[in-house]
Amino acid sequence: WEQGSFVGGKDIVFSVKVQKVLASWILLLVGLRGISLLSTFPVSGPIVYGIMELFKQPTILVFLACYSAIFVAFSLSFFVLASDSSLNEFSGVISVFTTMVRAGLSGDVDYESFRSHSLGTDVGPITFFVFIIMSQIIMTNLLIAIVSSEYDKAAATGEMKWKSDVDDVMAQDLVNSLPRDSSGQIDLHS
């Protein structure tokens, strides 16, 4: 019996990793279900519906597409710039994307790693500076402006949908509370 294996010859480490992934997805789905539970309360219900409506707005979807295009373009640019270097941050397309997310969101980056090793210049840091200006300053402010203008419309639609859903639940509860005869039909005479 080899260490790290069990019956069937499957690696126990792989099995644990699969279980961790499944557990994380289950917890994520439970958390999302919790958000939908908030939609049943009078204070948070219209807000949750408004947020859901906000993500359905075509302006938000167009913004996300533009932001994704900018992000992919800069990531691929850094991948090409560092293609001849031995840096782990830029060794593959996936690692470039994760490095760009980490650098863009938290600023956690080794600026020396952005230097273009093929040119021996500061092309990498200048490109990174342009990326930060475009993605973090311009696009974030644009997102705030878009959300501000679209949220009022989405909130009004969300509140109407929430009220409609509450009305449906109350009407169904009323119908279910009416007296019934032996055949299961509503008895209007009692």
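Colleague: Is M100 buried or exposed, and what is its relative accessible area?

Modeller: Please note at the outset that this is a predicted model. M100 has a relative accessible area of 0%; because buried means under 20% relative accessible area, M100 counts as buried. The residue lies in helix α4, which covers residues 93–106.

The protein chain contains five helices and zero strands, and its pattern along the sequence reads α-α-α-α-α. Of the contacts in the protein chain between residues at least 6 apart in sequence, 57% join residues at least 24 apart. M100 belongs to the buried residues, which make up 23% of the 190 residues in the protein chain.

The surface may be considered next. The protein chain exposes about 13200 Å², and carbon and sulfur atoms supply 69% of that area. On this surface, V21, W25, L28, L29, L32 and I35 form a nonpolar patch, whose accessible area together is about 600 Å². W25, one of the patch residues, is placed in helix α1, which spans residues 12–38. To return to your request, M100 in helix α4 is buried at 0% relative accessible area, whereas W25 in helix α1 is part of a nonpolar patch on the surface.

Definitions and conventions:
Residues are numbered from 1 along each chain as its sequence is written. This is a predicted model: local features need pLDDT of at least 70, side-chain atom pairs count only at pLDDT 80 or more; totals for chains, interfaces and linings use all residues. Side-chain values use heavy atoms; hydrogens and water are left out. Patches are made of residues with over 30% relative accessible area and no salt bridge: like charges are joined within 9 Å, nonpolar side chains (Val, Leu, Ile, Met, Phe, Trp, Tyr) within 5 Å. Accessible areas come from the Shrake-Rupley method with a 1.4 Å probe; for residues, only the protein chains shown count as cover. A salt bridge is a side-chain nitrogen of Lys or Arg within 4 Å of a carboxyl oxygen of Asp or Glu. Helices (H or I, at least four residues) and strands (E, at least two) are DSSP runs, numbered from the N terminus. Buried means under 20% relative accessible area, exposed over 50%, partly exposed in between (1.4 Å probe, protein chains only). Contact means heavy atoms within 4.5 Å.
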